[in-house]
Amino acid sequence: MHDLAKAYEPSAVEERLYARWLELTDSYHADEKSVKPAFSIVIPPPNVTGILTMGHVLNNTLQDILCRKARMEGKEVLWLPGTDHAGLATQTKVESTMRKEEKGLTRQMLGREAFEKRVWEWTDKYGGIIIQQLKKLGCSCDWTRQTFTLDAEYSRAVLQAFVDLYNKGHIYRGKRMVNWCPASQTAISDEEVIPTPQKGKLYTIRYEVVEQPGRFLEIATTRPETLMGDTGVAVNPEDPRYAGLAGLHARRPFPEAAIPIVADAHVDVKFGTGVLKVTPAHDKADFEIGQRHNLPFLDVLTPDGKINCPEVPELHGLDRFEARKRSAEMLAERGLLAKEEPYDNTVGFSERGQVPIEPRLSEQWFLRYPKTQDALDVVAREQIKFFPRHWTKTYDHWLTNIQDWCVSRQVWWGHRIPVWYKDGDPASPKCQIASPGEGWVQDLDSLDTWASSWLWAYATMDDATRSKFYPTSVLVTGPDIIFLWVARMIIAGLEFTPGKTKAVEDNIAFENVVFTGIIRDKYGKKMSKQFGNSPDPLDLIAKYGADGLRFGLIRIAPQGEDIRFDEKQVEEGRNFCNKLWNAVRFRTMQGPIDPAADPSQYDPETHELTSFSQLLLHKLHKLLPQIQASFDRFEFSEVASALYDFVWNDFCSRFIEAAKADFQNPESPSRAGTLATLDYTLSRILRLLHPFAPFITDELWVNLGFGGPETAADGTPNANARTIQFAPWPCAEPVPAWVKDLWTTNSAEAVYAMVDAGRNLRGAVNQKVPFHLHLAEGASAPYDYEMPVLTALLNASEVTLALPSDPVPSGPFAFVPLGKLYVTLPKIDPEEERKRIEKDLAKVRKDLESTRKKLGDPNMIARAPADKVAEWRALEPVLAEKERTLLERQDALAGAV
RNA sequence: GCGCGGUUAGCUUAGUGGUAGAGCGCUACAUUGACACUGUAGAGGUCACAGGUUCGAACCCUGUACCGCGCACCA
């Protein structure tokens with residue numbers, strides 16, 4: 001027998017166990033040749049140089065729960081881990097470090113090759129951190145298949161995908177308006193622009209009509225600094241105020257020029273003055289107006305967001321925000337600024353660069369998404385199921401309004417676009433992975449990182465692995481990347497058909513998508529490094545254990561709802577682990593454990609199996625299908641809560657407390673049956689909890705021999721003795737026939753009800769006091785063996801019984817299912833009791849009133865279902881009797897004073 | 001403007017039509033007890049608001065308010 005410490009010490013267990021697991025499972029290597037049914041998950045790859053956040057903890061714990069459960073269900077499990085190169089994020093991090101630590105060194109100073117080498121060094125140094133952290137959390141990923149998006153194999157798949165799409169005509173290069181980040185100096189996709197409310201100013205400026213000197217058009221703008229790029233002025237063709245102006249010209253103040261006035265339906269007559277200055281090179285809508293009216297495209301900004309307009313030396317070279325103020329001043333000096341008023345508007349910010357993006361005309365690569373209709377269909381037909389389902393609306397909306405994807409980035413860290421150029425060669429450009437030869441120069445741009453990770457669901461697997469494990473079973477991720485990643489992975493699967501056949505069902509990437517909530521702090525703020533409100537999960541693991549963190553977090557994380565995180569919840573998780581530990585510790589004090597314990601060997605009729613044991617077994621077998629149903633809906637917190645409640649209340653507070661009567665009496669005839677019930681239930685509790693709390697459950701399972709002997713009777717080694725991880729999942733076991741026969745009486749419930757009522761009666765009186773049960777008509781007395789339990793749990797000096805025909809005693813009492821339970825207290829505080837009676841009376845009267853109202857309403861009696869009416873009819877006299885008895889007691893109390 | 005969530009005890013929340021439930025926190029009490037990472041008890045709720053459907057609404061419908069998120073617009 002293993003001696004258990006008085007409290008569970010996670011740090012003493014976790015590291016040792018994890019190392020052991022890696023040995024036992026060959027690092028959780030999934031066998032692609034296995035005949036077991038497959039279960040597979042690909043990890044949402046964290047940034048290679050990132051560190052573990054609470055979001056990762058939630059997400060990866062859920063995946064680990066699914067994988068561990070699947071193993072126990074006898075499936076061959078692949079949880080494929082890896083990391084993402086995070087092109088722009090990583091490049092920015094390395095650049096800023098260089099700038100700080102190496103006197104302003106930039107990547108341009110180093111050159112592309114040397115810089116890439118730097119980033120690889122950085123990646124080698126920090127790249128393993130998050131993987132190590134996942135191991136601390138207990139994640140059972142297949143570490144033999146760990147993948148990085150820049151691995152040679154994966155890279156080839158990414159580039160080949162580009163080449164294929166190019167050859168099919170889905171990819172094109174074009175000079176178009178893109179979202180330009182002046183801080184990172186790259187294009188970004190629409191999905192990476194964060195609209196942010198800003199307090200800005202609306203400037204109303206005056207443009208003179210050239211052909212009608214003295215007539216001025218007032219134009220509202222938030223961006224006077226771009227007026228040098230104005231190549232037109234637009235009015236709505238329907239607007240009577242400006243009829244006849246189209247075809248004339250307006251005078252641009254600086255650099256002074258006459259620019260055409262055009263009529264364009266885009267202009268909203270109700271907004272501002274109804275006149276729009278058109279800056280085709282610096283605004284998406286203006287770009288389109290410019291195209292429609294053949295206006296010139298004048299770029300007056302540099303890539304880093306400075307004014308590029310030598311003709312206006314006052315502004316040339318100024319930062320765009322400086323230039324905004326200065327140009328307003330210049331307009332005012334010329335009498336051309338009519339108004340300047342505060343204005344709230346929404347400005348697109350670059351997610352990475354944290355600065356306003358600049359709509360900018362530039363040469364980029366675009367993808368016309370293929371298979372968008374198929375992608376809509378597979379989700380509509382529920383070939384791919386979303387949990388919660390309402391996210392399908394968001395998904396549908398995006399896919400039906402989809403824009404071409406700008407896949408090129410002006411960064412050096414990532415997959416370089418596989419397009420080659422050679423001046424004067426008629427074959428240029430060529431799209432292929434390898435260089436076509438001497439003199440060919442590769443495109444300078446790299447691919448958007450999401451254009452790498454959209455192949456993650458299958459390009460991480462070799463052919464053999466894919467034929468066993470693809471499509472994957474579940475994807476667990478946040479709804480914030482539903483477009484960036486989830487939808488694109490679905491499209492990639494349908495377009496590249498990596499499955500066993502070309503059929504849609506073999507190429508759906510994943511069967512289920514589980515969306516987690518966002519973790520917020522206790523004030524409701526999103527957790528982020530900037531706010532500093534995100535605890536370090538490793539600190540929490542050190543303080544409360546990985547199991548405590550996992551269980552505490554999952555218990556309060558309802559599906560798809562945001563989570564208000566409070567460290568208290570992790571503390572509760574740890575406390576729960578300790579409760580379990582001590583319940584097992586108590587068990588070890590009663591003698592050796594029987595891993596094959598079978599309560600059905602004990603006869604309930606002769607009370608070898610007590611009512612307490614029967615009730616527990618009944619509840620356990622009611623719990624199992626509930627847990628399975630919750631898992632089927634991916635309602636993890638429901639499972640965790642149900643287990644918490646069962647273990648703490650049904651198992652510890654009630655059953656174990658009742659069982660002490662047996663254990664303290666070596667002669668008890670029900671001792672063996674109670675022990676068997678304890679072992680049988682514990683064995684299942686440990687297995688049910690293992691996916692949530694892998695360490696403590698394995699530690700207890702192995703040390704106490706729940707897995708059975710090391711070798712089976714035929715001499716083969718018994719794997720379940722060495723670890724709980726492959727022990728059979730209890731919900732999958734058939735319900736034993738004997739369980740159905742157990743539930744013949746609820747006498748244990750009656751005992752527990754008396755315990756609750758009696759404790760309430762005695763209130764704060766701590767010494768042992770006598771109780772007296774006065775049976776109601778027709779109630780059967782508790783079994784003899786139940787009386788010591790009742791006495792112990794009530795902390796009673798004795799519990800006496802009286803028949804219905806016996807005289808009714810007086811004194812404080814409570815209604816219980818068997819009748820009335822009286823207590824004899826050394827001293828009765830009449831004031832206290834009066835309050836208690838009044839409280840009971842108020843409750844009874846409220847119930848009685850509502851029941852009588854129902855019964856007195858003929859309409860209700862006529863229309864309510866018969867069983868409900870019968871219920872109310874039966875309830876009424878019971879309540880009335882309660883009221884009468886309480887009033888009697890109240891009178892007696894009044895008389896006594 | 002459109003869409004998706006949400007609003008139940010001080011806090012976090014469960015609750016798909018029939019007497020509002022839990023955990024934390026708070027208050028009081030209890031340490032030869034498996035567990036103070038504990039036990040026992042107590043206080044604490046017009047279920048956001050207004051209509052409607054129904055014999056009956058926290059629950060279904062409509063609307064309103066407020067909070068969060070997304071999309072679009074944003075001169």
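This is a predicted model: local features need pLDDT of at least 70, side-chain atom pairs count only at pLDDT 80 or more; totals for chains, interfaces and linings use all residues.
Contact here means heavy atoms within 4.5 Å.

Residues are numbered from 1 along each chain as its sequence is written, chains are lettered from A and ligands numbered from 1 in the order in which they are written, and side-chain values use heavy atoms, with hydrogens and water left out.

Now the labels. Helices (H or I, at least four residues) and strands (E, at least two) are DSSP runs, numbered from the N terminus. Axes are lines fitted to C-alpha atoms, for helices over the stretch in contact, and angles run from 0 to 180 degrees between N-to-C directions.

First, helices H19 and H24. H19 covers residues 611–632, and its axis comes within 8 Å of the axis of H24. The two cross at roughly 100°. That makes H19 roughly perpendicular to H24. On the scale used, under 35 degrees is roughly parallel, over 145 roughly antiparallel, 65 to 115 roughly perpendicular, and the rest oblique. Who touches whom? From H19 we have Ser611, Phe612 and Leu615. They meet Ser747, Ala748, Glu749, Val751 and Tyr752 of H24. By class, that contact has five nonpolar residues, two polar and one charged. For the classes, Ala, Val, Leu, Ile, Met, Phe, Trp, Tyr, Cys and Pro count as nonpolar, Asp, Glu, Lys and Arg as charged, and the others, Gly among them, as polar.

Helix H24, residues 747–762, lies across strands S26 (769–775), S27, S28 and S29. Against S28 it runs at about 160°.

So, that sheet. It is open, four strands, in the order S27-S26-S29-S28, with mixed pairing. Two strands pair if DSSP finds at least two bridges between them. S27 (796–802) and S28 (813–816) stand at the edges with a single partner strand each, so one side of each has no neighbour in the sheet. On average, neighbouring strands are turned by 20° against each other, direction ignored. S28 pairs antiparallel with S29, residues 819–823, over four bridges. One bridge to point at: Val816 has Gly819 of S29 as its partner.

Next, the other helix pair. The axes of H3 (residues 87–101) and H5 (residues 112–126) come within 10 Å and cross at roughly 100°. Again, H3 is roughly perpendicular to H5. H3 brings Thr90, Gln91, Lys93, Val94, Glu95, Thr97 and Met98. H5 answers with Phe115, Arg118, Val119 and Trp122. The contact of H3 with H5 splits into five nonpolar, three polar and three charged residues.

On to strand S7, residues 193–209. S7 pairs antiparallel with S13 (residues 337–350) over 13 bridges. There, Pro195 has Gly348 of S13 as its bridge partner. S7 also pairs antiparallel with S8 (residues 216–221), over six bridges. Glu208 is bridged to Phe216 in S8. The hairpin of S7 and S8 has six residues between the strands, and Gly214 takes a positive phi near 95° in it. Then there is S10, residues 249–252, joined to S7 by two bridges and running antiparallel. Val209 stands opposite Ala250 of S10.

Three strands, open, order S19-S18-S20, antiparallel pairing. S19 (430–431) and S20 (441–442) are at the edges, each with a single partner strand, so each has one side without a neighbour in the sheet. S18, residues 419–421, pairs with S19 over two bridges. Val419 stands opposite Cys431 of S19.

Last, the RNA. How many residues surround RNA strand B? The count is 53, and the closest are Ala220, Asn578, Asn766, Asp847 and Arg863. Near means that a heavy atom of the residue lies within 4 Å. The surface near RNA strand B divides into 18 nonpolar, 13 polar and 22 charged residues. Helix H18, residues 567–588, gives the most to that surface, with 11 residues.

What does the protein see of the strand? Of the atoms of RNA strand B within 4 Å of the protein, 64% belong to sugar or phosphate and the rest to bases. Arg863 has a polar side-chain atom 2.3 Å from a phosphate oxygen of RNA strand B. Lys393 has a side-chain N or O atom 3.3 Å from a phosphate oxygen. Glu657 goes to a base: a polar side-chain atom lies 3.0 Å from a base nitrogen.

Definitions and conventions:
A polar contact is a pair of N or O atoms within 3.5 Å; within protein, one must be able to donate a hydrogen and the other to accept it, and residues adjacent in sequence count only if both atoms are side-chain atoms.
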